[in-house]
Amino acid sequence: MYGQSSSSAASQSRARRLDAVIDKAIAEERIVGAMALVAEDGEIVYRRAAGYADREAGTPVAEDTIFRLASVTKPMVAAAALSLVDSGTLALEDAVTRFLPDFRPRLADGSEPVISIRHLLTHTSGLIYGYDRAAGISDGMDMPGRGMAENLARIAAQPLAFSPGSAWRYSVAIDVLGGLMENAADKSLPEIVAERVTAPLGLDDTEFLATKPERLAIPYADGAPRPIRMADLQPVQGKDGMLFFCPPRAFDPTSFPSGGGGMVGTAGDFLTFIEAVRQGGAPILSPASVHLLSENAIGGFDTGVPGRGFSLGWSISRDPTAAGLPYTVSTWQWGGVYGHSWFVDPVRKLSVVSFTNTAVAGVNGAYPDAIRDAVYA
């Protein structure tokens with residue numbers, strides 16, 4: 001899809017800065033393996049595979065290495081949902097109960113508010129991440145063998161954290177949306193995403209079940225003095241609490257397809273996706289849907305980062321200077337806890353994808369911040 005841009009002093013300087021960031025993180029064993037891509041005005045101006053996809057076997061990361069995506073899944077599921085809106089199958093103001101009649105979580109006072117599809121997409125539904133483990137709710141990366149219906153029932157049994165539409169909180173909402181989409185379209189979520197997003201864009205390596213295990217990177221967890229190879233159930237301290245990873249879930253067809261975190265794919269595939277949206281949405285989305293993905297949709301709700309809003313698919317920089325960030329106003333950004341970060345600066349026609357196989361150093365902290373700063377320096 002892309003050409004390689006001609007060399008320039010600016011691009012060479014940026015490449016040297018990015019190389020230095022990646023080399024340092026790998027040499028210091030903060031990151032095991034990495035794949036980074038930068039596109040500018042539709043041309044790839046930087047590409048780098050470094051470190052190990054499997055450290056113990058000595059297998060290097062390649063440009064076509066496949067990674068477990070975690071929340072990098074969400075943007076593609078959001079796009080598939082908006083495609084269903086474009087086709088008239090869904091409407092953003094539809095109540096969730098139109099398609100999931102038994103999904104009726106209540107507020108702490110016992111009242112049952114209406115949750116809309118818009119609430120799910122914007123994370124303003126009252127749902128959360130980090131339910132008590134005793135509730136038995138899967139976030140899409142753990143509890144292999146859990147089915148969709150059981151997980152939705154367990155989520156619905158928990159009280160809402162706030163009235164829908166009154167606040168923002170990152171949540172299992174996109175897992176609920178995935179179940180809703182299945183009922184609305186009478187197809188599985190993998191079929192919907194393949195039909196409406198991955199197949200039209202030629203994303204041959206992005207899917208819900210890993211069918212190419214020989215190219216799938218081994219996941220690693222933060223550790224001292226260096227990251228550790230993940231066990232079949234691996235707790236990792238995250239920014240806001242303990243995270244639980246189950247790497248074998250990527251091969252388990254009995255686990256529900258998690259719209260919030262269940263896909264695998266390559267950095268190149270994801271770059272193709274975000275560039276398609278940045279360039280207007282064809283062949284997967286209408287201009288109206290691209291607008292919904294490009295604008296803040298939550299007003300001034302607190303997202304935990306000053307000046308950061310949220311669209312119907314990812315965060316939007318409303319006032320990046322308030323957070324001391326180099327982004328242009330309206331930059332899109334998000335990541336995934338298996339170790340990924342990405343952003344799109346539509347003003348500068350700039351798209352950046354940084355994948356690693358190290359959780360959570362690849363998504364939060366010094367490494368993704370240094371990648372971002374190297375791009376903008």
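**Cavities, cores and backbone features of the model**

By class, five nonpolar, three polar and one charged residues line the second largest cavity. Ala, Val, Leu, Ile, Met, Phe, Trp, Tyr, Cys and Pro count here as nonpolar, Asp, Glu, Lys and Arg as charged, and the others, Gly among them, as polar. The model is predicted, so local features need pLDDT of at least 70 and side-chain atom pairs count only at pLDDT 80 or more, while totals for chains, interfaces and linings use all residues. Residues are numbered from 1 along each chain as its sequence is written, and side-chain values use heavy atoms, with hydrogens and water left out.

The second largest cavity holds about 60 Å³ of space. Its lining consists of Phe-67, Arg-68, Ala-217, Ile-218, Pro-219, Tyr-338, His-340, Thr-356 and Asn-357. A cavity is a set of points, on a 1 Å grid over the protein atoms alone, where a 1.4 Å probe fits but cannot get out; lining residues have an atom within 4 Å of a point. Grid points are joined across faces, edges and corners, and a volume is the space filled by probe spheres set on the points. The structure has three cavities of 30 Å³ or more.

The largest nonpolar core has 79 residues. Such a core is a set of buried Ala, Val, Leu, Ile, Met, Phe, Trp, Tyr and Cys residues joined through side-chain atoms within 4.5 Å. Buried means under 20% relative accessible area, exposed over 50%, and partly exposed in between (1.4 Å probe, protein chains only). Phe-103, Leu-127, Met-181, Phe-273 and Trp-342 touch the most other members. Helix α2 (residues 73–86) gives the largest share, eight residues. Helices (H or I, at least four residues) and strands (E, at least two) are DSSP runs, numbered from the N terminus. A second, separate core has 22 residues, including Val-38, Phe-343, Tyr-367 and Ala-374. In soluble globular proteins, nonpolar side chains tend to be buried together.

Helix α2 is mostly covered, with twelve of its 14 residues buried. They run from Thr-73, Lys-74 and Pro-75 through to Leu-82, Ser-83 and Leu-84. These buried residues pack against α3 (117–122), α5 (173–185), α6 (189–201), α7 (267–278), α8 (287–294) and β13 (340–345). The first and last C-alpha atoms of α2 are 20 Å apart, close to the 20 Å expected at 1.5 Å a residue. The expected span is 1.5 Å times one less than the number of residues. Just after α2, Gly-88 has a positive phi of about 90 degrees.

Helix α5 is largely enclosed by the rest of the structure, because eleven of its 13 residues are buried. Among them are Asp-175, Met-181 and Glu-182. The buried residues pack against α2, α3, α4 (148–156) and α6. The end C-alpha atoms of α5 are 18 Å apart, in agreement with the span of 18 Å for 13 residues. Met-181 touches Val-77, Ala-80, Ala-81, Leu-84, Leu-90, Asp-186, Leu-189 and Ile-192, not counting residues up to four places away in sequence. Contact means heavy atoms within 4.5 Å. Just after α5, Asp-186 takes a positive phi of about 55 degrees.

Most residues other than glycine have a negative phi, and most peptide bonds are trans. Glu-29 is not a glycine, yet has a positive phi of about 55 degrees. It lies in the loop between α1 (9–27) and β1 (33–40). Glu-29 is partly exposed, at a relative accessible area of 34%. Asp-41, also not a glycine, has a positive phi of about 50 degrees. The loop between β1 and β2 (43–54) holds Asp-41. This residue counts as exposed, at 51% relative accessibility. Two peptide bonds to proline deserve mention. The bond from Ala-224 to Pro-225 is cis, with omega near 10 degrees. Pro-225 lies in the loop between β5 (220–221) and β6 (228–229). The bond from Ala-282 to Pro-283 is cis, with omega near 0 degrees. Pro-283 is placed in the loop between α7 and α8.

Phe-310 belongs to strand β10 (residues 308–310). Its relative accessible area is 2%, so Phe-310 is buried. Beyond neighbours within four places in sequence, its contacts include Leu-121, Trp-168, Ile-298, Ile-316 and Trp-334.

Technical notes
1 Å grid on protein atoms, 1.4 Å probe; cavity = no way out; pocket = protein on both sides within 12 Å on 5 of 7 lines; lining within 4 Å.
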